[in-house]
Amino acid sequence: MNPTVVKTVKIAIVLFITMVILMLPSTAFGIANLTVIQQRMIAIFVFAALMWILEGVPAWVTSVLIIVVMLFTVSDSAIATLIDPQYFSGIDVETIDKKGVEVVQLTGLIPYKDIIAAFADPVVMLFMGGFILALVASKSGVDVTLARYMLKPFGTNSKVVLLGFMLVTAIFSMFVSNTATAAMMLTFLAPVFKALPENERGRIALALAIPIGCNIGGIATPIGTPPNGIALGALKDAGINISFLDWLVIMTPLMLVILLIAWVLLLRMYKFTSDRLEFQIEGGAKPGWETNAIYIIMAVTILLWCGEKIFGINSYVVALFPVGAFTALGIVNSEDIKHIDWSVLWMVAGGFALGTGMKQSGLAKAMVESIPFDTFPVFAVLIGAGLLCWVLSTFISNSASAALLVPILITVGTGMSDQLAGIGGVTTLVVGVALCASFAMALPISTPPNAIAYSTGLVKTNQMAKVGVIMGIISMALGYGLLIVLGTMGVMDKF
């Protein structure tokens, strides 16, 4: 069937379901005293979920649509006919005049400034800083120079080189986009693939090392992958602030343990017959003041991020330091700015807008009061949410999965605060889901690094699925195990 027709059908289905939800009587939702604005937020949430899952349009487009639809239908600057007092009974109405236009402000409407602010949320700025660092490193060749020096200690032993590629890929993914990292590392490996005989099973291990290193490496820092930022932003709004260093200290050991397990698994499943692997990394940064400035600015940024509690500058503010420094020095120009991954930033912003809408419309509170979360088995909710996110992220964008589930889980965590208190509270619930989004790597469509590895022609879908499922289960077990242990010890309560 024609792809355009398929997408049109998907969009039509989503719109039909959304309209049905809007037209249902408020009593159909089982939430006491549900307002019109809250019902609209439910419809917007369902619209977002279905669009992200069915992918009628790109995920970032759905996020932008969420914000636009919210502004026109549930904000205090919505279309006048949609906020006419006759649609609301029992709600205090205050009419004010603004620039000659009568604006009706009703209880339950969301300030339009708060919705628009999702585009410039501090977490979005955190990613902006990370993208600028990655862009400059790639443009200048600093990333290639760093890769050459980082891989040199691993020598030529095939087993050790495999471990080296996984570790270096993971380290880059802590600060650079997974897609850019995968593309760069594959470039380095291309000559190795050509030199190895076609019957060398170790080639499969090398190809799979790239997506595994990218996906797992991203969990180690707040800017490593969008689900981390979505979780941090939601927790920040809930009054829980996790610093860059706190996240780094907790997640880096977990990342290293998972990578070591993955290394052993790859060696067992796709054992090398060649003992030596030799490769040459060409290119790199050119000597000069610009390169020196890049190294200094990158080092200062990372130092400030890690020393957040020492210097008293939060990580969101620090993220704008490299943006200002590189642009002031002319290292980043107007053409470079066009190459920032704006789609990811807008994708994250849509998730924040959903969370703002659920909270400020009163929907989140209404759900907590109407649904007996306190009767749910705590571990069933914890593991169930993780598995759901893992399954969704296997087939759709992990950013979309996190943006979809995190606002709900903040509400669930609030309703289960007593049961979750002993294992780290809502932090364990939300961070656990963010981790599970990154652990989904079973199919070529799961993440861009998976697709890049599959494009080499060295890896079959069933081979990727086998490794991805095994590593997903192991990673989720280790991730939740760590969070629960830290929560039991009271570490999570210190945020």
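**A walk through the predicted model**

Glycine 283 sits in the loop that runs between helix H11 (244-269) and helix H12 (289-306); helices here are DSSP runs of H or I with at least four residues, numbered from the N terminus. This is a predicted model, in which local features need pLDDT of at least 70 and side-chain atom pairs count only at pLDDT 80 or more, while totals for chains, interfaces and linings use all residues. Residues are numbered from 1 along each chain as its sequence is written, and side-chain values use heavy atoms, with hydrogens and water left out.

Leaving aside neighbours within four places in sequence, glycine 283 is in contact (heavy atoms within 4.5 Å) with Val144 and Arg148. Threonine 145 is 138 residues away from glycine 283 along the chain, yet their C-alpha atoms are separated by 7.6 Å.

A contrasting pair is alanine 195 and glycine 224. These two are 29 residues apart in sequence, and their C-alpha atoms lie 32 Å apart in space. Alanine 195 belongs to helix H8 (residues 178-195). Alanine 195 has a relative accessible area of 62%, so it is exposed; the cut-offs are under 20% for buried, over 50% for exposed and in between for partly exposed, with a 1.4 Å probe and protein chains only.

Now for the start of the chain. Threonine 18 is placed in helix H1, and with a relative accessible area of 10% this threonine is buried. Beyond its neighbours within four places in sequence, threonine 18 is in contact with Ala43 and Phe47. A nonpolar surface patch of about 860 Å² is made by Val5, Val9, Ile13, Phe16, Ile17, Met19, Val20, Leu22, Met23 and Leu24. Patches take residues with over 30% relative accessible area and no salt bridge, joining nonpolar side chains (Val, Leu, Ile, Met, Phe, Trp, Tyr) within 5 Å and like charges within 9 Å. The accessible areas themselves come from the Shrake-Rupley method with a 1.4 Å probe, and for residues only the protein chains shown count as cover.

Leucine 24, one of the patch residues, is found in the loop between helix H1 (3-23) and helix H2 (36-54). Its relative accessible area is 34%, which makes leucine 24 partly exposed. Asparagine 33 is found in the loop between H1 and H2, and has a positive phi of about 55° although it is not a glycine. At a relative accessible area of 73%, asparagine 33 is exposed.

Next come the charged pairs. The structure holds three salt bridges, each being a side-chain nitrogen of Lys or Arg within 4 Å of a carboxyl oxygen of Asp or Glu. In one of them, lysine 139 pairs with aspartate 336, the closest N and O atoms being 2.6 Å apart. This pair links distant parts of the chain, with lysine 139 in helix H5 and aspartate 336 in helix H16 (residues 334-337), 197 residues apart. Lysine 139 is partly exposed, with a relative accessible area of 46%, whereas aspartate 336 counts as buried at 11%.

Another salt bridge brings together the side chains of lysine 338 and glutamate 335, at 2.9 Å from N to O. Here lysine 338 counts as exposed at 57% relative accessibility, and glutamate 335 as partly exposed at 42%. Aspartate 237 and lysine 236 also meet through their side chains, at 3.6 Å from N to O. Aspartate 237 is partly exposed, with a relative accessible area of 40%.

Helix H15 (residues 320-328) has Pro322, Val323, Ala325 and Phe326 buried. Their cover includes helix H5 (122-140), H12 and helix H14 (315-318). After H15 comes glycine 330, with a positive phi near 80°.

A cavity is a set of points, on a 1 Å grid over the protein atoms alone, where a 1.4 Å probe fits but cannot get out, and lining residues have an atom within 4 Å of a point. Grid points are joined across faces, edges and corners, and a volume is the space filled by probe spheres set on the points. The largest cavity holds about 70 Å³ of space. Its lining consists of Leu208, Pro211, Ile212, Asn215, Met441, Asn450, Met464, Val467, Gly468 and Met471. Helix H9 (202-217) and helix H24 (461-488) each supply at least two residues of that lining.

Terms used: On a 1 Å grid over the protein atoms alone, a cavity is a set of points where a 1.4 Å probe fits but cannot get out, and a pocket is an open set with protein on both sides within 12 Å along at least five of seven lines; lining residues have an atom within 4 Å of a point.
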